[in-house]
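Work through the following exercises with the sequence and the model at hand. Try each task before reading its solution.

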Amino acid sequence: MGKLDGRVAVVTGAARGQGRSHATALAAEGADVIALDRCADIATNDYPLATEADLNDTARTVEKEGRRCLPVVADVREPQQLRNAIAEGVAELGRLDIVVANAGICPLGDVPRQAFLDAVDVDLVGVVNTVSAAYPHLSAGGSIIATGSVAALMKGSGTDVLGPGGFGYSHAKRAVATFVHDCALALAPESIRVNCVHPTNCNTDMLHSDPMYHVFRPDLEAPTREDTVDAFATNQPMGVPWVEPSDVSAAVVFLASDDSRFVTGLQLKVDAGAALVHTNPYSLR
């Protein structure tokens, strides 16, 4: 018996990274999955995004857990694509119970100002579009989970530090946190829960990319993964350079399941302590 037997989840950004991990973890607990991804690059984002082959690999990992998976190419920036994809998934899999609005980009570095808008369109508007497309299919007991970021909880993220795309990423993640809080309040009378997970550095392609390496090691002309491990670790008081996608997926499964049936509006950090210095709630210092 799994915690999610008989339920259906939709996961955006499902082709690789955290999205694939979430889809697989939900399936391991008994959920069927509608797996959505754009499967194409975005010009201002200077690292490759997932492919349709990656999305099909996600479907196979879900099916290895004994669950059904419908992989669909859909761009979270396009509301009609999401509505069509989710409606197709509900028609095939029978229902919708869990929404994981996870798709994201992080266009760091010396990129055009358009990168600010691209990051906001994917990381914020994409979350709103996903929730809006899924909401008509949800009922009491439904769970909506958005992927935020520890960046949403940190001070200082202007264009001088991360470039216009990084600024857009931070802006979007802060806004996602607010959206989750207010959406939770709005949907609570229907017993639909809305929560957010905020990972720190996570061991995915977004982290292990040239733009990210240059942010953490600007002193090097061509920093590598090995060059950045110690620099990544400075973000987390627990001393790890990153968390694994499975660490975040464990939080997603908790928020999707009845274990959190009265948990809503939660900003759940999976950050090895990274946000603590920015989020002291007691004003003791």
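**Exercise 1. Surroundings of Phe216**

Task: In this predicted model, find which residues Phe216 touches, not counting residues up to four places away in sequence.

Solution. 
- Step 1. Locate the residue: Phe216 lies in helix 6.
- Step 2. List the contacts. Leaving out residues up to four places away in sequence, Phe216 touches Asn201, Ala231, Phe232 and Asn235.
- Step 3. Take one of these contacts, Phe232. Along the chain, Phe216 and Phe232 are 16 residues apart, and their C-alpha atoms are separated by 6.9 Å.
- Step 4. Decide on burial. The relative accessibility of Phe216 is 18%, so Phe216 counts as buried, the cut-off being under 20%.

**Exercise 2. The aromatic cluster and a ring pair in it**

Task: Name the members of the aromatic cluster that contains Phe216, and then classify the pair formed by Phe116 and Phe167 and the pair formed by Tyr213 and Phe232.

Solution. 
- Step 1. The cluster consists of Tyr213, Phe216, Phe232 and Trp242.
- Step 2. Over the whole structure, a search finds four aromatic pairs.
- Step 3. Recall what has to be read off: a pair of aromatic rings is described by the distance of the centres and the angle of the planes.
- Step 4. For Phe116 and Phe167 the values are 5.5 Å centre to centre and 50° between the planes, and this aromatic pair is tilted.
- Step 5. Phe116 is in helix 4 (residues 114-134) and Phe167 in helix 5 (residues 159-187); they are 51 residues apart, and the pair links distant parts of the chain.
- Step 6. Phe116 has a relative accessible area of 24% and is partly exposed. Phe167, with 28%, is partly exposed.
- Step 7. Turn to Tyr213 and Phe232. Their ring centres are 6.3 Å apart and the planes are at 50°, so this pair is tilted.
- Step 8. Tyr213 lies in helix 6 (residues 210-216) and Phe232 in helix 7 (residues 225-233), so the pair ties together parts 19 residues apart in sequence.
- Step 9. Tyr213 counts as buried at 7% relative accessibility, and Phe232 counts as buried at 0%.

**Exercise 3. Strand 1 and its partners**

Task: Which residues of strand 1 lie on each side, and are they buried or exposed? With which strands does strand 1 pair?

Solution. 
- Step 1. Strand 1 covers residues 8-12, and five of its five residues are buried.
- Step 2. Sort the residues. One side holds Val8, Val10 and Thr12, the other Ala9 and Val11; all are buried, and both faces are covered.
- Step 3. Identify one partner. Strand 1 pairs with strand 2 (residues 32-37) in the parallel sense over five bridges. Ala9 stands opposite Val33 in strand 2.
- Step 4. Follow the chain between these strands. From strand 1 it crosses through helix 1 (residues 17-28) to strand 2, and this β-α-β crossover is right-handed.
- Step 5. Identify another partner. Strand 1 and strand 4 (residues 98-101) pair in the parallel sense over three bridges. Here Val10 stands opposite Val99.

**Exercise 4. Cysteines**

Task: How many disulfides are there?

Solution. 
- Step 1. Apply the cut-off: the two cysteine sulfur atoms must lie within 2.5 Å.
- Step 2. Cys69 is buried, with a relative accessible area of 10%.
- Step 3. At 5% relative accessibility, Cys202 counts as buried.
- Step 4. State the total: the count comes to zero disulfides.

**Exercise 5. Positive phi**

Task: Where do Cys39 and Ser191 lie, and what is the phi of Cys39 and of Ser191?

Solution. 
- Step 1. Cys39 is in the loop between strand 2 and helix 2 (52-64). Its phi is near 60°, a positive value in a residue other than glycine.
- Step 2. Cys39 counts as buried at 16% relative accessibility.
- Step 3. Ser191 is in the loop between helix 5 and strand 6 (193-199). Ser191 is not a glycine, but has a positive phi of about 60°.
- Step 4. Ser191 is partly exposed, with a relative accessible area of 44%.

Key:
Residues are numbered from 1 along each chain as its sequence is written. This is a predicted model: local features need pLDDT of at least 70, side-chain atom pairs count only at pLDDT 80 or more; totals for chains, interfaces and linings use all residues. Side-chain values use heavy atoms; hydrogens and water are left out. Buried means under 20% relative accessible area, exposed over 50%, partly exposed in between (1.4 Å probe, protein chains only). Helices (H or I, at least four residues) and strands (E, at least two) are DSSP runs, numbered from the N terminus. Two strands pair if DSSP finds at least two bridges between them. A crossover is right-handed if, with the strands pointing away from the viewer, the path from the first strand over the helix to the second runs clockwise. Rings of Phe, Tyr and Trp (its six-membered ring) pair if their centres lie within 6.5 Å; planes under 30 degrees apart count as stacked, over 60 as edge-to-face and the rest as tilted. Contact means heavy atoms within 4.5 Å.
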